[in-house]
Amino acid sequence: MLPQLLLRKNVVVKKWMTERPKFVVDGMLGKLARWLRILGYDVKYYRSMDDDYLIEIAEKENRILLTRDNALYRKSIAKNVDAIFLEEGSRIKNLAKLSKALGIALEVDTTISRCPKCNSRIEPVAKNAVKGKVPEKTFRRFKEFWICPNCGQIYWRGSHWRNIYGVLNEVKKSVSQ
Ligand SMILES: [Zn+2]
């Protein structure tokens with residue numbers, strides 16, 4: 001790697017360690033976008049958008065560009081836009097890399113979680129309000145529910161929740177290695 005890219009990397013780390021980073025991710029990183037939203041990060045994701053537009057969003061909205069596209073990464077850095085190149089790999093590897101580089105929190109805090117589908121902050125919703133909107137079994141079994149005020153999706157700590165913790169534990173292990 002070129003020395004100036006290394007230097008640039010350090011600048012990114014210093015700056016973003018002190019404020020909660022926001023992201024814009026390229027079309028190949030949709031899954032990662034959903035994970036970061038669950039962890040409470042503001043992530044814009046476009047399935048298909050040209051490079052210049054992604055760089056423009058990052059620049060205008062003070063977002064870090066996450067990309068799997070080396071050419072896009074280099075173009076961003078050349079324009080002084082903060083970007084992180086993520087190689088093809090598992091979400092565990094990618095989340096570990098982001099955690100190391102930016103201090104990404106590896107805990108789910110529902111007071112800041114965002115809807116993985118649309119990026120809006122989810123809100124607690126009274127159990128009564130979700131009756132008939134979630135499966136009957138789910139309604140009986142769980143006390144706490146959240147709703148996305150934008151897309152209406154309802155969330156609860158179901159089996160997917162254990163899966164989330166399982167993955168985050170793997171990421172923590174990877175970070176400490
Ligand atoms: Zn939503």
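Reply: Happy to! A residue counts as buried if 20 or more other C-beta atoms lie within 10 Å of its own, exposed if 12 or fewer, and partly exposed in between. Bear in mind that this is a predicted model. In helix α2 (residues 30–38), the buried residues are Leu32, Ala33, Trp35, Leu36, Arg37 and Ile38.

Me: What do the buried residues of α2 pack against?

Reply: Their partners are the strands β1 (23–25), β2 (43–45) and β3 (64–67), together with the helices α5 (91–102) and α7 (159–176). Just after α2 comes Gly40, with a positive phi of about 95 degrees.

Me: Why is Asn80 called exposed?

Reply: Asn80 has 10 other C-beta atoms within 10 Å. The limit for exposed is 12 or fewer, so Asn80 is exposed. Asn80 sits in the loop between α4 (70–78) and β4 (83–85), and its phi is near 65 degrees, a positive value in a residue other than glycine. Most residues other than glycine have a negative phi.

Me: What makes Asn119 partly exposed?

Reply: Its count is 19 other C-beta atoms within 10 Å. Buried needs 20 or more and exposed 12 or fewer, so Asn119 falls in between and is partly exposed. Asn119 is not a glycine either, yet has a positive phi of about 80 degrees; its place is in the loop between α5 and β5.

How values were computed: Residues are numbered from 1 along each chain as its sequence is written. This is a predicted model: local features need pLDDT of at least 70, side-chain atom pairs count only at pLDDT 80 or more; totals for chains, interfaces and linings use all residues. Helices (H or I, at least four residues) and strands (E, at least two) are DSSP runs, numbered from the N terminus. Two residues are in contact if their C-beta atoms, placed from the backbone, lie within 7 Å.
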